Amino acid sequence: MRLVSFETEGRHSYGIVTADGIHEATAATRARHPDLRAALTAGAVATLETEAAALPMAAVTLLSPVPNPDKIICIGLNYANHIRETGREKPKYPSIFTRYPSSVLGHGVSLRKPGFSDEFDYEGELAVIIGKAGRNIPAAEAGEHILGYSCFNDGTIRDFQRHTSQFWAGKSFDDSGSMGPWIVTKDELPHPEAQHLRTILNGAEVQTTPISDLAFSIGEIVEYVSKVTRLLPGDVIATGTPGGVGRFRTPPLYMFAGDRIEVEITGIGTLSNPVTDAA
């Protein structure tokens, strides 16, 4: 199943993607569960009732698949080649920071480069979406709490990230990151770590890595994070980016208005966003 959230005719909605388009959740379903997070919380996704007629993808604006998660948790330094390019050692524990939902857009929507920084960087990642609440989840049981997976671009304003030892400032600019185009449920992607991630800037490949190269596995991440906080349906965990980010290239490679950035993961699809200047 491929789950999406979208905007059409001035309203937000959600549904299931098939070969013929988007089958929107019925009005009765949306009255009970007004958004995808509410449907997840109620355990209603497996039996989601949708309209028979499909909306063309071109007729909607895709939102981040979960536009209003309780939390977005990001893992830093989680691929060996990225750890090497930063000149650091592998962390003993997962390196964690957070993003705000207002910083994450959907597929096809323009990312916004702030006018006071020329260090807008890309970070292609695999996102894990929680489907079942839990605390102190053992790594071996993490799959029972996962709904599915999506592509994620942890767009980063590097100079603000370096202002202090805390990553938050560079990671939470409004409209700087994206997720999508949809969530692929775990029944359709039972082995996410067997997939391959690529990031493409203006048609040129800038990151390419098997997801099996994660320094901390998906199960280990879920176990660690759930010791700290109760994971809730709709929560997003961005699992880290591989090597090849713009900051550590010579010369550095950043995103500017007119660029297009894509994150492609086998078994999921391609998240694509143009870049524009912030108003």
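Reader: By class, how many nonpolar, polar and charged residues are in the lining of the largest cavity?
Author: The lining has eight nonpolar residues, one polar residue and no charged residues. Here Ala, Val, Leu, Ile, Met, Phe, Trp, Tyr, Cys and Pro count as nonpolar, Asp, Glu, Lys and Arg as charged, and the others, Gly among them, as polar. Please note that this is a predicted model, in which local features need pLDDT of at least 70 and side-chain atom pairs count only at pLDDT 80 or more, while totals for chains, interfaces and linings use all residues. Residues are numbered from 1 along each chain as its sequence is written, and side-chain values use heavy atoms, with hydrogens and water left out.

Reader: Which residues line the largest cavity?
Author: The lining consists of S64, V66, P67, P69, I72, P101, V104, M179 and V236. A cavity is a set of points, on a 1 Å grid over the protein atoms alone, where a 1.4 Å probe fits but cannot get out; lining residues have an atom within 4 Å of a point.

Reader: How much space lies in it?
Author: The largest cavity holds about 30 Å³, a volume being the space filled by probe spheres set on the grid points, which are joined across faces, edges and corners.

Reader: Turning to the core, which residues have the most contacts inside the largest nonpolar core?
Author: They are Y149, I218, L231, I237 and I268, in a core of 37 residues. Such a core is a set of buried (under 20% relative accessible area) Ala, Val, Leu, Ile, Met, Phe, Trp, Tyr and Cys residues joined through side-chain atoms within 4.5 Å.

Reader: Which element gives the most to this core?
Author: Helix α6 does, with four residues. Helices (H or I, at least four residues) and strands (E, at least two) are DSSP runs numbered from the N terminus.

Reader: And why does the core lie between the two domains?
Author: Domain 1 (2-62) and domain 2 (72-277) both give residues to the core, so it lies between them. The domain bounds come from an automatic or database domain assignment.

Reader: New topic: which peptide bonds are cis?
Author: The bond from G180 to P181 is cis, with omega near 0°, and P181 is in strand β13. The bond from T250 to P251 is also cis, with omega near -5°; P251 sits in the loop between β16 and β17.

Reader: Where is N202, and what is its phi?
Author: N202 is in the loop between β14 and β15, and its phi is near 55°, a positive value in a residue other than glycine.

Conventions
On a 1 Å grid over the protein atoms alone, a cavity is a set of points where a 1.4 Å probe fits but cannot get out, and a pocket is an open set with protein on both sides within 12 Å along at least five of seven lines; lining residues have an atom within 4 Å of a point. Buried means under 20% relative accessible area, exposed over 50%, partly exposed in between (1.4 Å probe, protein chains only).
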